Amino acid sequence: ELDGVTDIGYRAPSGPGTFHDVGAGNIDPSNSAITSNWNRYYRGIRKANDVINNIGSIEDGDPALLERLEAEARFLRAWYYTQLTSLWGDVPLITETIGINDHVGRTPRAEIVAFIHSELDSIINANVLELSYSDSDLGRATHGAALTLKARLALRNSDWETVRDATQAVMDLGIYSLYPNYVELFQ
């Protein structure tokens, strides 16, 4: 989606408020493509925070399932913040439920990146995310996804040692492989 705003690709104009405006240098604060991403990420963060902050209130439930669901919510929140800091740098870090009239200032990017690393390390070390899921749960956060997100965050923040270690850990899982025919990836 965002390749079209760089020199990697080209995004054809498709109406007002598109990513084409970014690539063409015609961006303004009301661009709907940009504001929709911002809103979508913070909507996801609010939902993840709701799960994280309330899952402990569930009295009857499988503790292992609840622990996994909390880890999945923390993974999603980490992903949203990875996107936000990559696109905007300093953004509000919100981990608790806030009121509609509450205003939260920007948090320095480095502080958010440290928060994301801490979250991902906690998720990875707890080892509660599955390695893979059956068809009915396909798309859920996996242990490999948490390691990969850690590598991506480190890559975007020039933390080369962490990139190396996290990607090696993904390869060591022995369940992922590269697509065998590079040319077919673009067909």
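The cover over the buried residues of helix H6 includes H4 and H5; buried means under 20% relative accessible area, exposed over 50% and partly exposed in between, with a 1.4 Å probe and protein chains only. The model is predicted, so local features need pLDDT of at least 70 and side-chain atom pairs count only at pLDDT 80 or more, while totals for chains, interfaces and linings use all residues. Residues are numbered from 1 along each chain as its sequence is written, and side-chain values use heavy atoms, with hydrogens and water left out.

**Overall content**
- The protein chain has six helices and zero strands; helices (H or I, at least four residues) and strands (E, at least two) are DSSP runs, numbered from the N terminus.
- Of the 187 residues of the protein chain, 34% count as buried.
- Among contacts between residues at least 6 apart in sequence, 51% join residues at least 24 apart, where contact means heavy atoms within 4.5 Å.

**Helix H6**
- H6 covers residues 160–172, and its 13 residues should span 18 Å at 1.5 Å a residue, which agrees with end C-alpha atoms 18 Å apart; the expected span is 1.5 Å times one less than the number of residues.
- Thr162, Val163, Ala166 and Val170 are buried in H6.
- Seen down the axis of H6, the buried residues fall within an arc of 105 degrees, so they line one face of the helix; the arc is that of the directions from the helix axis to the C-beta atoms.
- Exposed residues Trp160, Glu161, Met171 and Asp172 sit on the face of H6 turned away from its buried side.
- Gly174 follows H6 and has a positive phi, near 70 degrees.

**Helix H3**
- H3 (residues 63–88) has 26 residues and reaches 37 Å from its first C-alpha to its last, close to the 38 Å expected at 1.5 Å a residue.
- At the start of H3, the backbone nitrogen of Ala64 has a side-chain oxygen of Asp62 within 3.2 Å.
- After H3 comes Gly89, with a positive phi near 75 degrees.

**Largest nonpolar core**
- This core has 26 residues, of which Tyr42, Phe75, Tyr81, Leu84, Ile116, Leu120 and Ile123 touch the most other members; a nonpolar core is a set of buried Ala, Val, Leu, Ile, Met, Phe, Trp, Tyr and Cys residues joined through side-chain atoms within 4.5 Å.
- Helices H2 (32–54), H3, H4 (109–126) and H5 (143–156) are the elements that give two or more residues to this core.
- H4 gives the most to this core, with seven residues.
- Ile116 is in contact with Ala78, Tyr81, Thr82, Thr85 and Leu153, leaving aside its neighbours within four places in sequence.

**Aromatic pairs**
- The structure holds seven aromatic pairs; rings of Phe, Tyr and Trp (its six-membered ring) pair if their centres lie within 6.5 Å, and planes under 30 degrees apart count as stacked, over 60 as edge-to-face and the rest as tilted.
- Tyr41 and Tyr80 form a tilted pair, 6.1 Å centre to centre with 45 degrees between the planes.
- Tyr41 is in helix H2 and Tyr80 in helix H3, 39 residues apart, and both are buried.
- The rings of Tyr42 and Tyr81 have centres 6.2 Å apart and planes at 85 degrees, so this pair is edge-to-face.
- Tyr42 lies in H2 and Tyr81 in H3, so the pair ties together parts that are 39 residues apart in sequence.
- Tyr42 counts as buried at 13% relative accessibility, and Tyr81 is buried with a relative accessible area of 0%.
- Trp38, Tyr42, Tyr81 and Trp88 are linked into a cluster by ring pairs.

Methods
Polar contact = N/O pair within 3.5 Å; in protein donor to acceptor, adjacent residues only side chain to side chain.
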